[in-house]
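Biologist: I would like to learn how to read the packing in a model like this one. Please take me through it feature by feature.

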Amino acid sequence: MESPVRVLIHGGNGRMGQSLQRLCRNDGRFEPVGAVSRKVGPRVVDGVPQFAASELAGAPAFDVAVDFSLPEGFDRVLGMCLSRGKPLVSGTTGLTDVQQAALAAAATRIPIAWAANFSLGVALLHDLVARAARALPGWNCDIIESHHTRKQDAPSGTALSLGALAAEQGAEPRYASIRAGDIVGEHTVQFTTAGERIELIHRAGDREIFARGALHVAKALHGQAPGLYRVADLLG
Ligand SMILES: NC(=O)c1ccc[n+]([C@@H]2O[C@H](COP(=O)([O-])OP(=O)(O)OC[C@H]3O[C@@H](n4cnc5c(N)ncnc54)[C@H](OP(=O)(O)O)[C@@H]3O)[C@@H](O)[C@H]2O)c1
């Protein structure tokens, strides 16, 4: 039998981190070797050792790090993956241009997959948006995203990546963000011209879809050559 992929979860006590811990714990293909947070919190999943960010250098051996933290924590986990020569899967949004450049540079030395959204549905939405933008020159393109009130960045990383793709096809996307209640994540990409409108909508009802996608990608990335991998290719 294949030995389980040893996963270090960075941002382990967060909403996504807890979901990752539970999924890893209950799936024999993965072994959660540690959960790293700013400070050691309550043990959320039995048997998963907890570490503070200040102890990151002493974290146990792992095959892949999965990072869903905040931009403040990103540099440190990237640096640790580089120093240990291990792959990184990151879903942390709101990274600066400097951090994105550091990620691209690091991908010459280790395998990396970063995405603003790890759901299969959103991967397909990207393809549909690119196709619509190409087919509808001159139409207005508006991206409306809704998330829970604790989300820190706006527009969402997913809205920005959908917009970047539409812009590559000549559209001029505009953004609107709604922060309300406990909405997990909704994205509407709307193309409008006189007399008609197309809406492409994705609604996430459970953040476990992102955690499942990230673990799927982590397994696919384990053992790959260095490079920046497109999550859409690894999710399929
Ligand atoms: N790509 C996707 O599919 C996707 C999906 C959902 C969310 N996200 C993104 O994932 C990130 C996390 O989301 P969330 O809702 O889980 O947030 P959250 O609940 O606020 O959790 C953030 C976690 O990161 C930890 N953290 C913060 N700063 C850190 C640092 N400097 N070093 C180490 N750990 C640090 C926090 O530690 P403490 O617990 O000690 O505060 C916490 O455990 C956000 O950027 C969000 O936008 C991406």
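Modeller: Start with contact, which means heavy atoms within 4.5 Å. This is a predicted model, in which local features need pLDDT of at least 70 and side-chain atom pairs count only at pLDDT 80 or more, while totals for chains, interfaces and linings use all residues. Residues are numbered from 1 along each chain as its sequence is written, and side-chain values use heavy atoms, with hydrogens and water left out.

Biologist: Which residues is G34 in contact with, leaving aside its neighbours within four places in sequence?

Modeller: With those neighbours set aside, G34 touches V7, L8, I9, V48, P49 and F51. G34 lies in strand β2; helices (H or I, at least four residues) and strands (E, at least two) are DSSP runs, numbered from the N terminus. L8 is 26 residues from G34 in sequence, yet their C-alpha atoms are 5.1 Å apart.

Biologist: Is G34 buried or exposed?

Modeller: Buried means under 20% relative accessible area, exposed over 50%, and partly exposed in between (1.4 Å probe, protein chains only). G34 has 0% relative accessibility, so it counts as buried. S90, in strand β5 (residues 88-90), is also buried, with a relative accessible area of 0%. Beyond four places in sequence, S90 is in contact with D67, F74, A113, W114, A115 and F118.

Biologist: How do I read a nonpolar core, and which members of the largest one touch the most other members?

Modeller: In soluble globular proteins, nonpolar side chains tend to be buried together. A nonpolar core is a set of buried Ala, Val, Leu, Ile, Met, Phe, Trp, Tyr and Cys residues joined through side-chain atoms within 4.5 Å. Here the largest has 28 residues, and L20, V66, V89, F118 and V217 touch the most other members. At least two residues each come from β1 (5-10), α1 (15-25), β4 (64-67), α6 (208-221) and α7 (231-235). The largest share, seven residues, is supplied by α6. A second, separate core has 21 residues, including V33, F51, C81 and L103.

Biologist: Where is F118, and what surrounds it?

Modeller: F118 sits in the loop between β6 (111-114) and α4, and at 1% relative accessibility it counts as buried. Among its contacts beyond four places in sequence are F68, V89, S90, I209, F210, V217 and L235. V217 in turn is in contact with V89, A113, F118, V231, L234 and L235, on the same exclusion of sequence neighbours.

Biologist: How are helix pairs described, and at what angle do α2 and α3 pack?

Modeller: Axes are lines fitted to C-alpha atoms, for helices over the stretch in contact, and angles run from 0 to 180 degrees between N-to-C directions. Helix α2 (residues 71-84) and helix α3 (residues 97-106) pack at about 15 degrees, with axes 11 Å apart. Angles under 35 degrees count as roughly parallel, over 145 as roughly antiparallel, 65 to 115 as roughly perpendicular and the rest as oblique. α2 and α3 are therefore roughly parallel to each other. The contact is made by P71, F74, D75, L78 and L82 of α2 and Q99, A102, L103 and A106 of α3.

Biologist: How close do the axes of α4 and α5 come?

Modeller: The axes of helix α4 (residues 120-135) and helix α5 (residues 157-168) come within 8 Å and cross at roughly 30 degrees. Residues in this contact include V122, L125 and V129 of α4 and L162, L165 and A166 of α5.
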